[in-house]
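Visitor: Hi! I'm new to this one and would like a quick tour. Could you put it up on the screen?
Guide: Happy to, here we go.

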Amino acid sequence: MAIATKIPTKIPRTLVARYLSSASTLADQLPEAPSQPPAPTLDLSDTRQLFASVPTATLLRSLANLSTLAAGPIVDLGAAALRAAAAAPEGRLLPAAVLGVARATVHRHFCAGEGFEEAGRAVEAMWAEQGLRSILDYGMEDAEDSAACDRNLDGFLRTVEMASSLPPISASVCVKITAICPISLLERASDLLRWKQKDPTFQLPWSTHSFPILCDSSPLYLTPSVPDPLTETQELDLRLAQQRLSKICHRCAEAGIPLVIDAEYASLQPAVDYFTYSAAIQFNHGDQPMVYGTIQAYLRDSRERMVNAVEAAERQGIPLGIKLVRGAYLTRETNLALSLGVPSPIHGSIQETHQCFDNCAAFLLERVRRGSGAILLATHNVRSGQAAAAKAEELGIGKEDQKLQFAQLLGMADGLSLGLKNAGFQVSKYVPFGPVEQVIPYLLRRAEENRGLLSTSTVDRQLIRKELMRRLATAVVGRT
């Protein structure tokens, strides 16, 4: 079957509105934090070796983009222009010009193209030139109804098809449950799951077998009173959403491609975990998990929920894959808690979040050593990468072991990605693709994350400048 090269360009305005209120992410927002000393397993000081596979033109373009994103006023102006372009009627001249500039700058830096074929070529080039894998993200996120979910399902299935045509093990696929199940239904299901945690006698006739989803420290205040049961139509829509996820899982299983399910904000996460763990029970067999869930370490209940799920999977003999991240939706979670007059579900400081991430990583690495489950460590923080690499070496986990992988976003933390790859570890880049109009929410999050002098990109900019100066000195005076 031929792979389509066009992606629908119209996005719901509610999708943009969601991120206008919660575009800020915590994902490694401050550089360098955990208290562990740098580990010798991962050394980024030799930029000649680090960037050996990266052309000078690429380094210059990356430095220009990242430096621009570190300039707060420029980012604020650009973000406002993108929001205005997204909200404007189609065909307006100014929004078209804004999108054109975005396409040539931030979209080119953070995305792998607009269509399937373009994204496939980018993945192949990154694998051939740098040995980096890709986690392909078809850039649809929130769906408002079942019709939108069905359209998104078609895009995800085409993504799996495209990934299956790429070199073996070079690509996996990412999916957001919000793209294949209406958000309103995820909120309703999450309310019911939270009430079930409060009252174990509460009956959920639609619920199938799953690992533990919530714990007593979870933000159960989001469901203050007993919710109404799902209607027959809602139960049907929930089953349809599960069938969509099953179709994606079946295609991935047939192609031997891992599937990573992203996390969402707290009001939706219980339903997302329900979908994820149900799929893991159905499709994770043998030694290597196919379905990976996501744990956001900035949440106070993250470690307890993770341990409960992992231990339940071990008791049932099911390999559980976990992608560990620091987290997103910081602003949204904080503002919601303030409006309700309750404590935030997020750790009180960035240091607590770093500590939680590293503790969770150590726990999961111990499980990998024992042959239980798999871990995808998604971090831009150099010290966390160093600590995890050192821990893996201490435990005797082979760098070729497919149960341990690291990951960073395309266009971010390239120094860390290449350093881990040069050290022998399995490393992936999270690779979104789609037209600018479709991925505006993602681009806004990246702009926010890189904004300011103390942004996530600080270390990368320092490393790139060092290597460019070294190359310049070599070219001018022959000094290496």
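This is a predicted model: local features need pLDDT of at least 70, side-chain atom pairs count only at pLDDT 80 or more; totals for chains, interfaces and linings use all residues.

Visitor: Thanks! Where does L99 lie?
Guide: In helix α5, residues 93–104. Helices (H or I, at least four residues) and strands (E, at least two) are DSSP runs, numbered from the N terminus. The C-alpha atom of L99 is 7.2 Å from that of L82, and the two are 17 residues apart along the chain.

Visitor: Now the strands. How many close into a barrel?
Guide: 8 strands do, in the order β1-β2-β3-β4-β5-β6-β7-β8, with parallel pairing. Two strands pair if DSSP finds at least two bridges between them. From one strand to the next, the twist averages 30°; axes are lines fitted to C-alpha atoms, for helices over the stretch in contact, and angles run from 0 to 180 degrees between N-to-C directions.

Visitor: How many bridges join β1 to β2?
Guide: There are 4, and these strands run parallel. I135 has S172 in β2 as its bridge partner.

Visitor: And why is β2 largely enclosed?
Guide: Because 5 of its 5 residues are buried. A171, V173 and V175 point one way from β2, while S172 and C174 point the other way.

Visitor: Which helix lies across β1, β2 and β8?
Guide: That is helix α8 (residues 146–164), running at about 160° to β1. Helix α16 (residues 414–422) packs on the sheet too, touching β7 and β8, and its direction makes about 145° with that of β8.

Visitor: Switching topic: what does H107 touch?
Guide: Leaving out residues up to four places away in sequence, H107 touches A102, G113, E114, G434, P435, V436, V439 and L443. Contact means heavy atoms within 4.5 Å. H107 sits in helix α6 (residues 106–110) and counts as buried, at 4% relative accessibility.

Visitor: Last one: is L472 buried or partly exposed?
Guide: L472 counts as partly exposed because its relative accessibility is 48%. You'll find L472 in helix α18 (residues 458–477).

How values were computed
Residues are numbered from 1 along each chain as its sequence is written. Side-chain values use heavy atoms; hydrogens and water are left out. Buried means under 20% relative accessible area, exposed over 50%, partly exposed in between (1.4 Å probe, protein chains only).
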